Amino acid sequence: MRTVDTQARKKDILLETIKQYMQSAVPVSSESIKEKYNLPLSSASIRNVLSELEDEGFLVQPHTSAGRIPTDKAYRYFLESLMQRESLDEEQKQEISSPLHFENISDLESILEKASDVLADLTHYTSIV
């Protein structure tokens, strides 16, 4: 007898729905998920999962015959699934904190400017503080 991990199935369908909606900006149907991602499920099974995700607040259906649209809760989940939080080691902590030690900390503008510089140097991205 084969067991099915329904939570993993839900997660996969939610992530695929979000990805497809982000690409097309059109409500996502069960049939389009089945076709595009070649899931080994029937459209009816996918609809059931989409309905469960809607009940849990991850998706909305604009009207009865439409597909589903991700909610803010779904996007937060999507981003959290992409991000792997890691702790900084002592060297990284020192690299961040050492340039931020100031003799005169009363100058807030200088502190914020320096913090922005440190962030930009560490991430190699434009930063705004």
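1. A salt bridge here is a side-chain nitrogen of Lys or Arg within 4 Å of a carboxyl oxygen of Asp or Glu. The side chains of lysine 19 and glutamate 16 meet this rule, at 3.9 Å from N to O. Lysine 19 and glutamate 16 sit three residues apart in helix H1, so about one helical turn separates them. Lysine 19 is partly exposed, at 33% relative accessible area. Glutamate 16 counts as buried, at 16%. Buried means under 20% relative accessible area, exposed means over 50%, and partly exposed lies in between (1.4 Å probe, protein chains only).

2. On the basis of the values: this is a predicted model, in which local features need pLDDT of at least 70 and side-chain atom pairs count only at pLDDT 80 or more, while totals for chains, interfaces and linings use all residues. Residues are numbered from 1 along each chain as its sequence is written, and side-chain values use heavy atoms, with hydrogens and water left out. Helices (H or I, at least four residues) and strands (E, at least two) are DSSP runs, numbered from the N terminus.

3. The salt-bridge count is five. Side chains of opposite charge can pair when their charged atoms come close. Glutamate 56 lies in the loop between helix H3 (43-55) and strand S1 (59-60), and lysine 10 in helix H1, so the pair ties together parts that are 46 residues apart in sequence. Lysine 10 is buried, with a relative accessible area of 10%. Glutamate 56 is partly exposed, at 33%. A network of salt bridges links Lys10, Glu52 and Glu56.

4. Helix H5 holds another pair. Glutamate 90 bridges to lysine 93, with the closest N and O atoms 3.6 Å apart. Both residues lie in H5, three residues apart, or about one turn of the helix. Glutamate 90 is exposed, at 59% relative accessible area. Lysine 93 is partly exposed, at 40%.

5. Next, surface charge. A negative patch gathers Asp89, Glu91, Glu95, Asp107, Glu109, Glu113, Asp117 and Asp121. Patch members have over 30% relative accessible area and no salt bridge; like charges are joined within 9 Å, nonpolar side chains (Val, Leu, Ile, Met, Phe, Trp, Tyr) within 5 Å. Asp and Glu count as negative, Lys and Arg as positive; His and the chain ends are not counted. A charge is placed at NZ of Lys, CZ of Arg, CG of Asp or CD of Glu.

6. Helix H5 (90-97) and helix H6 (108-123) each supply at least two residues of the negative patch. H6 gives the most, with four. Glutamate 109 is found in H6. Glutamate 109 is exposed, with a relative accessible area of 64%.

7. There is also a nonpolar surface patch. Leu108, Leu112, Leu119 and Val129 form it, with about 350 Å² of accessible area together. Areas come from the Shrake-Rupley method with a 1.4 Å probe; for residues, only the protein chains shown count as cover. Leucine 119 is found in helix H6. Leucine 119 is partly exposed, at 39%.

8. One backbone angle deserves a look. Alanine 25 has a positive phi of about 55°, although it is not a glycine. Most residues other than glycine have a negative phi. Alanine 25 sits in the loop between helix H1 (6-24) and helix H2 (30-37). Alanine 25 is exposed, with a relative accessible area of 55%.
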